[in-house]
Amino acid sequence: MIKFFRKIRQRLLTENRFSKYLLYAIGEIILVVIGILIALQINDWNQDRINATKEHQFLGEIIINLEEDMSLIDMCLVYNKNKFKAIDSAFHFMSLKKTVCLRTCYF
């Protein structure tokens, strides 16, 4: 393919057809630019695919972290409910003891 283009270029230069050679050169430049644009588009597609894969991985890790956090919150809620029950029982016991003490002190 390169030999084909080289022969055309040499033939146009030897025949002193500069205007046709100039058109040929512009056409070749356009072909190169189109090739570069195609390569860039393929690279963008590949990069988008890689980014989508990473995005799915990050989302999966976020879901796992959220599930772990929810389980820790549930454990804290259970702990705090038990603590609240113990404190409530202690207050109830203290109030009973206080009323018993008040009754015995007056009589």
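## Surface and overall fold

Accessible areas here come from the Shrake-Rupley method with a 1.4 Å probe, and for residues only the protein chains shown count as cover. On that basis the chain exposes about 10,200 Å², with carbon and sulfur atoms supplying 69% of it. This is a predicted model, where local features need pLDDT of at least 70, side-chain atom pairs count only at pLDDT 80 or more, and totals for chains, interfaces and linings use all residues. Residues are numbered from 1 along each chain as its sequence is written, and side-chain values use heavy atoms, leaving out hydrogens and water.

The chain has two helices and zero strands (DSSP runs, H or I of at least four residues for helices and E of at least two for strands, numbered from the N terminus). Buried residues make up 4% of the 107 residues (buried is under 20% relative accessible area, exposed over 50%, partly exposed in between, with a 1.4 Å probe and protein chains only).

## Two residues to look at

R11 sits in helix α1, residues 2-14, and is partly exposed at 44% relative accessible area. R11 and Y21 are ten residues apart in sequence and 9.1 Å apart in space, C-alpha to C-alpha.

Over in helix α2, residues 18-106, you'll find I38. I38 is partly exposed too, at 48%.
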